[in-house]
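Let's take a walk through this model together.

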Amino acid sequence: MKTFCKRVILPILSLLLCLKAELPAQDFTGIGKRKPFSFSGTAGAQASSRLNSDGNSDPFAYILSAQLNPVIYGFALPLSLSFADSRFSYAQPFSRFSFTPSYKWIKAYLGRTSMDMHPYGLAGHQFDGAGIELESGSFPLHFSAMYGRLLKARHADTLTRDKAFPVYNPANYKRTAYAFKLGFTHKKQQLNLHFFSAGDHRKSLPEEWRSQLAPQQNAVLALDFSFELYKGLTLTGQAGLSALTEDTRTQKEKKKGVWGVVMRPFLTQHASTSLSTAYKVQLAYKGISVAYERIGPDYASLGAAYFNWDFENAVVAFTHVFKKVSVNAELGWQRDDLKNSKSSRMNRIVGSAYINYKIDERFTLTASYSNFTMHTQLKPVDLGRPDDPLVYDPDTVSYRQISQQASFNFDFCSRPEARYKQYGGAELSYQNSREKSQKVFSDYFYAAARHGIELNGGYRLQSAVNFSTRIDKTGVQKSLFNYYIGPSVNCAKALFDKTLNLSAGFSYYFEMNGSKAAGGIAGLLLRASYMLKKSHEFEMQFNGKLRSSFDAANRKPGQELFVQASYRYRFNIDPFKKKKEEASRNKKRSAS
């Protein structure tokens, strides 16, 4: 009992006393009409055992879990707890404080939170601070702003601080930022202006680290727009101008050019300051769109935790819905190394198409295809040494990889007035990947035919035949060809007004290596679940597999058994529900 108190009771009490909650978005509108308090959630237990002949057995495993959701005047405070393998743990969102209250057209961000103002500026970076959004549907202007800390000052890991080894956890300065966004919307026209500024605090680290770490500063001017040029013809776009100072300790230097003059009021320019642009433009008309995006090689924003740069791409897309057919198609091209300064260059071509054909209420056809072609060219290290046999012909140092995927699905169901409801279909899918220069490829093919029927007495019978194969080849090695084929059958029955559900399934797959049979896998699945008073759910599952081998030299026969039992309790406590029901009954009586 003492051990249980130490491992379970004390951690729970400590968690409740030292709770740091991340509260979801809370709306204060109509708070006086909400329930003062309600409490709902689930609690359950699960135990399982897995035994197999390969020696990787788990004879017994268990888990106790609870998901609690108290609600106070409409504000939810979710909590998730679990106890498994003598270890207590609790999951998000109770690891930080975040509060997002709102009232009508006003919304605030408090605590450790994030805001997404522009993809080239403040793009969802987490910060500790405050933010606000003012957006009313009846007023054309909308405004948002934030201020907070992006990074906390951190010392490097001194245990790994050695000249021979790099620092595992590098140090960083305290970094703060502020941003705002002002927008105008009128009918189908929209224009938004965005400004973002971030900088490192040099005094946030001791003097010994300042000489090793360069403080940064960043300012971004950005805009996005959407205009309807003609009926159905729309022009949308985004643009950003970023000034990034890699080291604010360098000498001050005014940058020349138009962009340098534009950014002078927003950032103190240094010798290490770089100016770069990014933009994206899209023109769309009745389902046809053309888009182009370019992000400069030096473009960076400290308002994004992860950012892609130094690339351009162009995309042509088509989307249309006919009477019975819907079509989506897209073709895109992308390349990097815009300044021709990297050690390698990569070009990509991506194409995809999707078609859905609804023949009638019973039959549906869907087909999809995608193609990904990537060409990588490695540049020579030293073009001034033509006698070096490793770089004598740099144009041949290239790689071309092609990946394709195609699928086809056919689905059908019986008429609503049919005596026995039937459903089923067929599925075909194909994937391949090829690297031409090294003659490496991998092909995968899968096919399945399935059928289901609902019989009298609540019986459901499902059957399927599956086929899959994979062909791999690496270099000069001989290609390997193996495939699996076999049927599967599943039967289900619901009893006692569908509170008790029983199901049993059997499957068998032949494993073939070329024209030789390598073995087979037989599987048996038994499952039973029972629902008591819509609150208590019991489930029992048994899964057994038996593997036979016709080639004892390469693979040994084996077996695997898996048993699982679980219980789940759902509850919803509303102490004010009875009072409201009594008040409504009294009101009806007085009215009558």
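Pro215 is buried, with a relative accessible area of 0%; buried means under 20%, exposed over 50% and partly exposed in between, using a 1.4 Å probe and protein chains only. You'll find Pro215 in the loop between helix H2 (207-210) and strand E13 (217-230), where helices (H or I, at least four residues) and strands (E, at least two) are DSSP runs numbered from the N terminus. Keep in mind that this is a predicted model: local features need pLDDT of at least 70, side-chain atom pairs count only at pLDDT 80 or more, and totals for chains, interfaces and linings use all residues. Residues are numbered from 1 along each chain as its sequence is written, and side-chain values use heavy atoms, with hydrogens and water left out.

So who touches Pro215? Leaving aside neighbours within four places in sequence, its contacts (heavy atoms within 4.5 Å) include Tyr173, Asp200 and Thr245. The C-alpha atoms of Pro215 and Thr245 are separated by 8.4 Å, though the two are 30 residues apart along the chain.

Now for the rings. The whole structure holds 17 aromatic pairs, meaning rings of Phe, Tyr and Trp (its six-membered ring) with centres within 6.5 Å; planes under 30 degrees apart count as stacked, over 60 as edge-to-face and the rest as tilted. Tyr62 and Phe83 are a tilted pair, because their planes are at 50°, with centres 6.4 Å apart. Tyr62 belongs to strand E3 (residues 58-72) and Phe83 to strand E5 (residues 79-84), 21 residues apart. Phe83 is buried at 13% relative accessibility, while Tyr62 is partly exposed at 26%.
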